[in-house]
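This report goes through the two-chain model shown below.

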Amino acid sequence: MRLRGVGVLHLAVALSMSQLPADAQTTGSTQASQSANIPRTRDGKPDLSGIWQGFNTANDNLLSHSASKDGPAGFGVVDGDEIPYRPEALARRQENFADRATRDTEARCYLPGVPRITYMPFPFQIVQMPDVTTVLYEYVHAIRHIYTNGSPHPRGPIEWWMGDSRGRWEGDTLVVDVVHFNADTWFDRTGNFHSEALHVVERYSLMDADHIDYEVTIEDPKVFTRPWKMRMVLYRRKEPNFQLLDYDCYAFEWEKYYPYPGL
Amino acid sequence: MRLQQTMRALTIGAAFVWMSASLSGQGAAPQRPAPKPWPPTLTPDGQPDVQGSWRPVIGGTHSLDPAKSGAADFEERITGVVKPNPSRIVDPPDGHIPYQPWAAALQKELAAVYENPTKPEHIDTQTRCLVPGVPRMYYFPTFRILQPPGSVVFVWDEYHVFRVIPLDGRPHVAANVKLWMGDGRGRWEGNTLIVDTTNLNAKSRLDVVGDFFSDKAHIVERFIFVDANTMNYEATITDPDVFTRPWTMRVAQRRMPDAEMWEWACHEGERDAAHTSSKISDSDTEKK
């Protein structure tokens, strides 16, 4: 069983490494088209609506890691389990790691960027309409508006925490192109980082009614020597009457004063 | 000292005005709203289709009684000319919030010091970038209504908050779960959406001058769609711990062009709450 698992992992790595970023764009839709039993909207698109969550340790560390006081052990979500830093960027990543407690903007409860918001350990809700897919996140009430009406990214330079998202359907895969980031968010708590030149392409493909194959291509020539990919499964929250609650962590230190102290 | 503080308030106020102006102007080129049919068409699940962008006709959260924005208050203080603004409160008929005496005293005390805060709690929640909550989100910024099958979704760019209101009659979440935007359950009666809202954490005040309710509050909201471009928002607030009787506010809303919503990050850039007064100590000092 264990050996078989390793074999599958190796196969997946080999497959992913043989793919160029361009031809990788067909992978998701190929997989999705194999699944006939997926919910569809009235316009025939796969219906991603619902509440989802990634159950993994990617927010702790994108790469495979042992258990530590920082959290549980976990499988890596990066193809090849390696992030192709440029040499000078690798040095910065090591500094980030050393100062992770103070440098990670998650500690200040800032908007965590894309794709990190997807694998924060909180549920999120997709509201899919024909012209715009809105994603509502329990974490700090973050919202993304993924326009699927053919509109282009606004002209930059723009530096947003969550970037600007424009989506399109390639077969049964929702492909979201995200640009206009700032350089202040990380990918995880170990200091994996990017610059404002970050370009993210997310691919959401329903595997069946309750699972999304989520694949992300990361491109940032200032920090990485080549594009690289992460991939994970997003799971539908199936509990009856499940709904998003809230986690506005930046407010915790002020709550005691409101509406009035002691009230 | 006083002048210095006023200047600070001015700067912050101006920054807010600039922010809202630039934000609202940023999206795709403004277009006239396409004429919407009235009576409304129905969504596939049978809801009156009221989707699109809406905004209060008179926005502002400086005070409810009278209805006044921060900018209007600012103008009054500069010019000395007090404009007769009606109260947002339509019941009781006198337009005043029916506070119990102790609660009225708390609010009056806050209203007297908000300009020159000396304690952390004197600073309005909105200045701290905290979620303004329900009903406050309905009397200043633009919001978008989405109607996926089985629910009504409200989305704001300001404070990046949202509400998902299920229409299936499910029960509220457990009473010990308190939420910034409360827990809403909706139903349509004709062209009126009625939302029963509980589980409010009540951390957001109702306005800058300290109006408030407690986490025992129960709000019944009515979104009364009058024609294709007009909606009246009414919120009836019951809270026996704070008020002598239920009371109702009304905010007229109009349809806006469907502009894109762009990122609004307040907390991430927040530097000024602690600078609104040099007299504030406690933990509310320069932190960033």
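## Core and chain contact

Not counting residues up to four places away in sequence, A:Ala142 touches A:Leu111, A:Ile117, A:Tyr137, A:Met162 and B:His160; two residues are in contact if their C-beta atoms, placed from the backbone, lie within 7 Å. The model is a predicted one, in which local features need pLDDT of at least 70, side-chain atom pairs count only at pLDDT 80 or more, and totals for chains, interfaces and linings use all residues. Residues are numbered from 1 along each chain as its sequence is written, while chains are lettered from A and ligands numbered from 1 in the order in which they are written.

A:Ala142 and A:Leu136 touch the most other members of the largest nonpolar core, which has 102 residues. Such a core is a set of buried Ala, Val, Leu, Ile, Met, Phe, Trp, Tyr and Cys residues joined through C-beta atoms within 7 Å. A residue is buried if 20 or more other C-beta atoms lie within 10 Å of its own, exposed if 12 or fewer, and partly exposed in between, with C-beta atoms placed from the backbone. Strand β6 (residues 173-179) of chain A gives the largest share of this core, 5 residues. Helices (H or I, at least four residues) and strands (E, at least two) are DSSP runs, numbered from the N terminus.

How many residues does each chain bring to the contact? Chain A contributes 34 residues and chain B 33 residues. On the side of chain A that touches chain B, the elements giving two or more residues are β2 (124-128), β3 (132-137) and β4 (143-147) of chain A. That side of chain A holds 22 nonpolar, 8 polar and 4 charged residues. In this division Ala, Val, Leu, Ile, Met, Phe, Trp, Tyr, Cys and Pro count as nonpolar, Asp, Glu, Lys and Arg as charged, and the others, Gly among them, as polar.

## Chain A

Chain A contains 6 helices and 9 strands. It has 263 residues, of which 40% are buried. Where contacts in chain A join residues at least 6 apart in sequence, 59% of them link residues at least 24 apart.

Helix α4 (residues 87-98) of chain A is hardly covered, with 0 buried residues among its 12.

Strands β7 (residues 199-208) and β8 (residues 211-219) of chain A pair in the antiparallel sense over 9 bridges; two strands pair if DSSP finds at least two bridges between them. A hairpin through 2 residues joins β7(A) to β8(A), and A:His199 lies opposite A:Glu219 of β8(A). β8(A) also runs antiparallel to strand β9 (residues 228-236) of chain A, with 8 bridges between them. Here A:His211 has A:Tyr235 in β9(A) as its bridge partner.

A:Arg236 belongs to strand β9 of chain A. Beyond its neighbours within four places in sequence, A:Arg236 contacts A:Gly50, A:Ile51, A:Trp52 and A:Asp210. A:Ile51 is 185 residues away from A:Arg236 along the chain, yet their C-alpha atoms are separated by 5.8 Å.

## Chain B

Chain B comprises 3 helices and 12 strands. Its 288 residues are 37% buried. Of its contacts with a separation of 6 or more, 59% are between residues 24 or more positions apart.

| Strand | Partner strand | Bridges |
|---|---|---|
| β1 (residues 52-56) of chain B | β5 (residues 143-146) of chain B | 3 bridges |
| β1(B) | β12 (residues 247-256) of chain B | 4 bridges |
| β9 (residues 192-198) of chain B | β10 (residues 218-227) of chain B | 6 bridges |
| β10(B) | β11 (residues 230-238) of chain B | 9 bridges |

B:Thr197 faces B:Ile219 in β10(B), while B:Val220 is opposite B:Thr236 in β11(B). The hairpin of β10(B) and β11(B) has 2 residues between the strands.

## Confidence

The model scores ipTM 0.86 and pTM 0.87. The pLDDT, the predictor's confidence in each residue from 0 to 100, averages 87 in chain B, where 82% of the residues score at least 70. Over residues 1-28 of chain B it is below 50, and this stretch has 24 contacts beyond near neighbours in sequence. Residues 284-288 of chain B also stay under 50, with 6 contacts beyond four places in sequence.
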